[in-house]
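Subject: Structure for you to look at

Hello,

Here is the structure I promised to send. Please open it and keep it in view while you read on.

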Amino acid sequence: MAVLADYKIRVIARACVTRYERGEGDISTIVKSYSMDEENENLVFAYIFVIRPDIEQKEEQPTNAE
């Protein structure tokens with residue numbers, strides 16, 4: 001998938017923030033629900049964290065399957 005235009009990144013990022021504010025889940029799950037490639041996801045995350053630095057991306061914790 002090609003890199004999305006800047007305005008599309010902004011629209012998706014603002015949609016993700018709106019969904020997050022409505023309690024639809026954590027920000028990572030919401031962004032991943034748009035089925036973008038990794039490069040576009042990173043751009044969306046970057047814009048989200050610029051407009052809403054209080055939203056922190058939760059790192060997935062490894063599980064011990066021992």
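Below is what turned up, going from the whole chain down to single side chains.

**The whole chain**

Please remember that this is a predicted model. The protein chain has three helices and zero strands. Along the sequence the pattern is α-α-α. There are 66 residues in the protein chain, and 26% of them are buried. The exposed surface comes to about 4,900 Å². Carbon and sulfur atoms supply 49% of that surface. Now take the contacts between residues at least 6 apart in sequence. Of these, 56% join residues at least 24 apart.

**Where α1 meets α3**

Find helix α1, residues 6-21, and helix α3, residues 38-51. The two pack at an angle of about 60°. Their axes are 9 Å apart. The crossing of α1 past α3 is right-handed.

Which residues meet there? From α1 come Ile-9, Arg-10, Ile-12, Ala-13, Arg-14, Cys-16 and Val-17. From α3 come Asn-40, Leu-43, Val-44, Tyr-47, Ile-48 and Ile-51. By type, the residues of this contact between α1 and α3 are ten nonpolar, one polar and two charged.

**Salt bridges**

Side chains of opposite charge can pair when their charged atoms come close. How many salt bridges does the structure hold? It holds five. Here are some of them.

Start with Arg-10, which also takes part in the contact with α3. Arg-10 forms a salt bridge with Asp-6, and their closest N and O atoms are 2.3 Å apart. Both residues sit in helix α1. They are four residues apart, about one turn of the helix. Is Asp-6 buried or exposed? Asp-6 counts as exposed, because its relative accessibility is 51% and the cut-off for exposed is over 50%. Arg-10 has a relative accessible area of 32%, so Arg-10 is partly exposed.

Next, look at Glu-21 and Arg-52. They form a salt bridge too, with the closest N and O atoms 2.4 Å apart. This pair links distant parts of the chain. Glu-21 is in helix α1, while Arg-52 is in the segment after α3, 31 residues apart. Glu-21 is exposed, at 53% relative accessibility.

Arg-52 has another partner, Asp-54. Their side chains meet in a salt bridge of 2.7 Å, N to O. Asp-54 is exposed as well, with 52% relative accessibility. Through shared partners, salt bridges join Glu-21, Arg-52 and Asp-54 into one network.

Best wishes

Methods. Residues are numbered from 1 along each chain as its sequence is written. This is a predicted model: local features need pLDDT of at least 70, side-chain atom pairs count only at pLDDT 80 or more; totals for chains, interfaces and linings use all residues. Side-chain values use heavy atoms; hydrogens and water are left out. Buried means under 20% relative accessible area, exposed over 50%, partly exposed in between (1.4 Å probe, protein chains only). Contact means heavy atoms within 4.5 Å. Accessible areas come from the Shrake-Rupley method with a 1.4 Å probe; for residues, only the protein chains shown count as cover. Axes are lines fitted to C-alpha atoms, for helices over the stretch in contact, and angles run from 0 to 180 degrees between N-to-C directions. A crossing is left-handed if the near helix is turned anticlockwise from the far one by less than a right angle, and right-handed if clockwise. Ala, Val, Leu, Ile, Met, Phe, Trp, Tyr, Cys and Pro count as nonpolar, Asp, Glu, Lys and Arg as charged, and the others, Gly among them, as polar. A salt bridge is a side-chain nitrogen of Lys or Arg within 4 Å of a carboxyl oxygen of Asp or Glu.
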